[in-house]
Amino acid sequence: MPENAFPGTCSPAVKRHIRACSFGFMKSVCNVAVELIKSRGAHVSVEARRLGAEMCKELKTKVLRLLPPTSNGPTIHQEGQTDGAEILNHTVKALKEGHVVAVPTDTIYGLACLAQNSEAIRKTYDIKGRNGQKPLAICVGEIQDIYKYCKVKVQKELLEDLLPGPVTLVFERSEVLNTDLNPFTSSCFCVPQLVGVRIPDHAFMRRLCQMCGEPLALTSANISSHTSTLEVHEFQELWPKLAVVVDGGPIGDQSRLGSTVVDLSALGKYHIIRPGCALSSTVDVLERKYGLSEGSKE
């Protein structure tokens, strides 16, 4: 950056700080572009690769591709792809350091952070430009984890019939959960504080939650009100704000509807908050197998 780009009143220390910040931001953006080329196997010229590598020496955003399983179970290593255990370690480290990451699920790509980290939650809202009055769900690895963070009023067998799967179940939250997660749900002492909980039917996501040892706050990987995403390149504008982008390849659910969200906080009742991609099968389980009746929003 040229010296005359700074106002004449800036001290040398301020100039150095501005130059360093600007250079760091440029590196971050360039790194994302280079990693996209690697991870997606794009056909680009050798010169383009060389220029990109020269501009981007230190990777800020890690874009990591999961190895696809073969029909016999083992994975096959391909250029630009990373072992699943290594990706898990990178992602857990980023989460523990308070960063926001992008991850594949069984429905759409999501943004995740530690639900017990208040600053990370704030970052998630800022990255998406999300309305602060819209709640975030939590994601856990096992059904028994739900009982730690939620007050469950349904049979365990019902949970096992719906989870893991493309369903978000809403329960009254327990006191263990971070009070800065969806604080607007506690405006009235007489109304239960609720939270949605997911266990995606996705091996990487379940293992990630298990390794973190605490719930993740989870929301869709897109700018708020924009279309949900099924491939990592669809939310490329968010990459510079993320510590890790886990590329699990295209997600098969082409509906882009996200999970079905159902409120089970009232005994013997259910209320569909969002139809999502698994409405009919979810309602069938709730009504036919467990005899729940549809209740009102109130």
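Reader: What is the mean pLDDT of the protein chain, and what share of its residues reach 70 or more?
Author: This is a predicted model, where local features need pLDDT of at least 70 and side-chain atom pairs count only at pLDDT 80 or more, while totals for chains, interfaces and linings use all residues. Residues are numbered from 1 along each chain as its sequence is written, and side-chain values use heavy atoms, with hydrogens and water left out. pLDDT is the predictor's confidence in each residue, from 0 to 100. For the protein chain the mean is 81, and the share of residues at 70 or more is 72%.

Reader: How many contacts beyond four places in sequence does the model have for residues 1-10?
Author: Contact here means heavy atoms within 4.5 Å. Residues 70-79 also have pLDDT below 50, and beyond near neighbours in sequence that stretch has 12 contacts. Over residues 1-10, where pLDDT stays under 50, the number is 10.

Reader: Which strands does β9 pair with, and what is the bridge partner of C139 in β9?
Author: Strands are DSSP E runs of at least two residues and helices are H or I runs of at least four, numbered from the N terminus; two strands pair if DSSP finds at least two bridges between them. β9 (residues 216-220) pairs in the antiparallel sense with β4 (residues 109-114) over five bridges, and G110 has S220 as its partner there. β9 also pairs, again antiparallel, with β5 (residues 137-139) over three bridges. In β9, the partner of C139 is L216.

Reader: Is β9 mostly covered or open, and how many of its residues are buried?
Author: Buried means under 20% relative accessible area, exposed over 50%, and partly exposed in between, using a 1.4 Å probe and protein chains only. By that cut-off β9 is mostly covered, with the buried count at five of five.

Reader: Why is the aromatic pair of Y109 and F235 described the way it is?
Author: Rings of Phe, Tyr and Trp (its six-membered ring) pair if their centres lie within 6.5 Å, and planes under 30 degrees apart count as stacked, over 60 as edge-to-face and the rest as tilted. The structure holds one such pair. The centres of Y109 and F235 are 5.8 Å apart and the planes are at 45°, so the pair is tilted.

Reader: Which cysteine sulfur is nearest to that of C209, and how far away is it?
Author: A disulfide is a pair of cysteine sulfur atoms within 2.5 Å, and a search of the whole structure finds zero of them. C209 is buried at 4% relative accessible area. C209 is in no disulfide, and the nearest cysteine sulfur belongs to C139, at 3.6 Å.

Reader: How far apart are the C-alpha atoms of L95 and A112?
Author: L95 sits in helix α3 (residues 84-96) and counts as buried at 0% relative accessibility. Its contacts beyond four places in sequence include V101, A112, L208 and L216. L95 and A112 are 17 residues apart along the chain, and their C-alpha atoms are separated by 8.2 Å.
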